Amino acid sequence: MKLQTAKDLHKAKEQGNKTLFPGKVRINVGMSSCCIAKGADLVLSALEYGLKSRAMDAEVAKVGCSGLCHMEPTVEIQQPGKPKIIYGNVKGQDVPRLLEAITSGSVVEDMAFARIDSEDHALVGEIKYQYSDDAGAYASIKSVNDIDFLKAQHKVILRNAGSINPENIYEYIARGGYDALAKALLMKPEAIIKDVIDAELRGRGGGGFPAGLKWKACRDATGTEKYLICNVSEGEPDIGMHLSFLESDPHSVLEGLVIGGYAIGAKTAYVYLRNNYRIALKRFQKAIDDATELGLLGDKILGSPFSMTVKVKEGGGRYICGEETALIACIEGHIGEPAQRPPFPVEKGLFGMPTCINNVETWANVPLIIAKGSSWYNAIGTQKTKGTKVLSLSGNISRSGMIEVDMGTSIKDVVYTIGGGVADGKKLKGIQTGGPSGGILPSNLDNLTVDYDTLKKAGSILGSGGMVIMDDETDMVKVARYLTNFFVQESCGKCVPCREGVCRMGSIIDEIIAGRGKAHDLTLLQEMSEPIMSASACALGKTAPTPILSTLKHFRDDYIAYIK
Amino acid sequence: MSEATAITWSGKSEAMFEIMLDEVPEAMRDMFRGKLSAVIAQKAQGGPASEDHVTAVVMEIVPEPFKSSIIKKFKEQGDFDIKVIDTIIKKHGTSQDKLMYILHNIQDEVGYLPVEALRAVSNKTGIILSTIYNVATFYKTFRLTKPGSHHVKVCCGTACHLSDKNGLAKQIEDKVNASAAVSMEKTLCMGCCDCSPAVEIDGRIYKGEEAKARIATLA
């Protein structure tokens, strides 16, 4: 069945609400790759078996990651008229107790993590999801509004993650999905681009380049064909968790791409996904197939003259392919070597045609801007950086997870309020932001906020939002060696300074760790980094010495201790 | 272009026939395809052509040095069915931008990229073998050697590296190295940063502790 009008879309919403609010028990089991690793699949089969053997009728939904990575597997139980209850760290043997609680209409108090009486939703703003009819129900369980990890967050991009079945397009539609696309198709492409410019959306991949200006440049460029690329090459060795929002809400990215395609005039989009993310790949492909079947993608989208296809391209496990020109080379079937810029991809990109490349999170922001308007979006965040940011908190932290906060939130809040501080009661030594290309900042987090400019000033980058917390047992020289080795392996080998220079820096650190370091080695490292940074063609080479430089600057004592 | 005689193949005979044709200069390949398949069909006497039939034809009618070269390649031939590659290339197409799709697909089906598969891809797509080799070795996903009967991937992401204070990754590596049946590769972040170190065994990800126990049972 192809949807032709806004009315058809409304009908599809009803179908989605049938499973979201089935009039019986709905059980959400987190089933993204991080959940499965901790045994969510075993919990799911125990649940399905238990329901069957007790002849209980319930809607079991395999949802994505709700961001509570530190207490997976998570199970949410939603009984009609009762608050929704989140259970954390569920094991197969806990399932019978959960099922008994469902039968008796009660709650397993010692296992429950939080209760949700009602829920806001970024897109269905005026309709609050009201779960509980009775204000005092389950009062012994903490409300989500009182839980530090959740209350400091602002879920806009992650509005659906963990609540809907990512493989069910109707549930996405029911929660306001594809409304923005229907609205956009009635607008002039220029007006959409103006909205994105007015919203001051900045590219979420790392640089923070204004996305609207990129779109405009690509629209204005001449070419017989235009391409869009969604960059999901999260090769950074700490940011994979972040990618699970593609597993949890693939349609939000897809919707952003179609709106972008209409605004820019592109008929083909490539979603470049790193390999090894088989679940994300499978779910995204299913999202494409479902959207095509409903006429939200493919020929004559929603009855309009606009047509577009989206293709998934699986990468090959190289960090360098996150660089725009290397990514293009990879899609063209070549090895991922960066090319000289200019010409920039917006003029001459994929197959020599104008190409607009944006990070996956940037695309996911687009439906919100169109649906709610640029001034709504503009009001979130700081003066220079608007909107929210998805971060992945990992390393030696009490509560790891995938979180979303407003731009401008202080990093102290992120680490201590949301993350609960350093794991095992240890002290903070440093924090790495923006992956290996970013720097490692010292434990004084005052004045640091989540936005591009303050972090840049502090000598690091926001990057695509990875934050790795390091405790006071961490040996920063070894961390620098680990990160430098990473760059040695990931250098494509095109520019000599990066290929040879970074390798030499690595061997100097090896010598230092082996106890054969000399005082002038530290000066040497500093001096070597300059030509490497200035003479390498792409961002990988330009940032490869950063781990060493930032540890030298902030943790010089660690080096001195080796040299004696 | 002469018509190839209708012939049914059995086992790896078709793959061997393709290897045989590889030795023929490209311009004459179609002509030889017809002639040679007729000889093999005759040898098989109407039945399906077996591997022995193809080998016999090579021994009888192919001159040296081509004969030794072909027989050597027959021996190197892996235990996969070259027909897989036909289907894969038909599915994706032959242009350069399809190359990685083809290689991914072959690796999914066969488990790795055997040299003869790369050669077959080169023949069928017209992409030079060295280009294919370049791509297959640049991207770390692709394996040119056969993995063990169990394959383990250990996450080397920053978070897993930092939180792995007991050196589990190293212990797992040692365990794998001691076992012939298990092969291992290191990967970038798998997105399971709370499982440090995250370890994938035969397609499913486990927490480090659990993975270590499981690997002990595999070996």
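How many of the 9 residues of helix H22 (residues 546–554) of chain A are buried? In the predicted model described here, local features need pLDDT of at least 70 and side-chain atom pairs count only at pLDDT 80 or more, while totals for chains, interfaces and linings use all residues. Residues are numbered from 1 along each chain as its sequence is written, chains are lettered from A and ligands numbered from 1 in the order in which they are written, and side-chain values use heavy atoms, with hydrogens and water left out.

Helix H22 of chain A is mostly covered, with 7 of its 9 residues buried. Buried denotes under 20% relative accessible area, exposed over 50%, and partly exposed the range in between (1.4 Å probe, protein chains only). Helices (H or I, at least four residues) and strands (E, at least two) are DSSP runs, numbered from the N terminus. The buried residues of H22(A) are Thr546(A), Pro547(A), Ile548(A), Leu549(A), Ser550(A), Thr551(A) and Leu552(A). They pack against strand S15 (440–442) of chain A, and also against helices H18 (476–490), H19 (496–513), H20 (519–535), H21 (539–543) and H23 (556–563) of that chain. Contact here requires heavy atoms within 4.5 Å.

The nonpolar cores were examined next. Such a core is a set of buried Ala, Val, Leu, Ile, Met, Phe, Trp, Tyr and Cys residues joined through side-chain atoms within 4.5 Å. The largest comprises 116 residues, and those with the most contacts inside it are Ile27(A), Tyr87(A), Tyr178(A), Trp215(A), Leu296(A) and Val310(A). Helix H11 (residues 250–264) of chain A supplies the largest share of this core, 8 residues. A second, separate core of 63 residues includes Ala480(A), Met528(A), Leu540(A) and Tyr562(A). When residues up to four places away in sequence are not counted, Val310(A) touches Leu254(A), Leu257(A), Ala269(A), Val271(A), Phe284(A), Ile288(A) and Leu297(A).

Val29(A) lies in strand S1 (residues 25–30) of chain A and is buried, with a relative accessible area of 1%. Apart from neighbours within four places in sequence, the contacts of Val29(A) are Ala40(A), Leu44(A), Leu47(A), Val60(A), Ala61(A), Lys62(A), Val63(A) and Thr74(A). A distance of 10.0 Å separates the C-alpha atoms of Val29(A) and Val90(A), which are 61 residues apart along the chain.

Most residues other than glycine have a negative phi, and most peptide bonds are trans. A cis peptide bond, with omega of about 0 degrees, joins Glu72(A) and Pro73(A); Pro73(A) is placed in the loop between strand S2 (58–63) and strand S3 (75–78) of chain A. Another cis peptide bond joins Arg341(A) and Pro342(A), with omega of about -10 degrees, and Pro342(A) lies in the loop between helix H13 (324–331) and strand S11 (355–359) of chain A. Lys300(A), although not a glycine, has a positive phi of about 45 degrees. This lysine is in the loop between helix H12 (278–293) and strand S10 (309–314) of chain A, and Lys300(A) counts as exposed at 57% relative accessibility.

Chain B has 11 helices and 4 strands. Its radius of gyration is 22 Å, well over the 17 Å that the globule rule gives for 219 residues, so chain B is more spread out than a compact globule. The radius is taken over C-alpha atoms, and the rule is 2.2 Å times the number of residues to the power 0.38. Of the 219 residues of chain B, 46% count as buried.

In chain B, 4 strands form an open sheet of mixed pairing in the order S2-S1-S3-S4. Its edge strands, S2 (182–187) and S4 (204–206), each pair on one side only; two strands pair if DSSP finds at least two bridges between them. Strand S3 (residues 199–201) and S4 of chain B pair in the antiparallel sense over 3 bridges, and Ile201(B) has Arg204(B) as its bridge partner in S4(B). Asp202(B), in the loop between S3 and S4 of chain B, has a positive phi near 45 degrees and counts as partly exposed at 44% relative accessibility.

Arg143(B) occupies the loop between helix H8 (129–138) and S1 of chain B and is buried, with a relative accessible area of 19%. The side chains of Arg143(B) and His151(B) are joined by a polar contact of 3.2 Å. A polar contact is a pair of N or O atoms within 3.5 Å; within protein, one must be able to donate a hydrogen and the other to accept it, and residues adjacent in sequence count only if both atoms are side-chain atoms.
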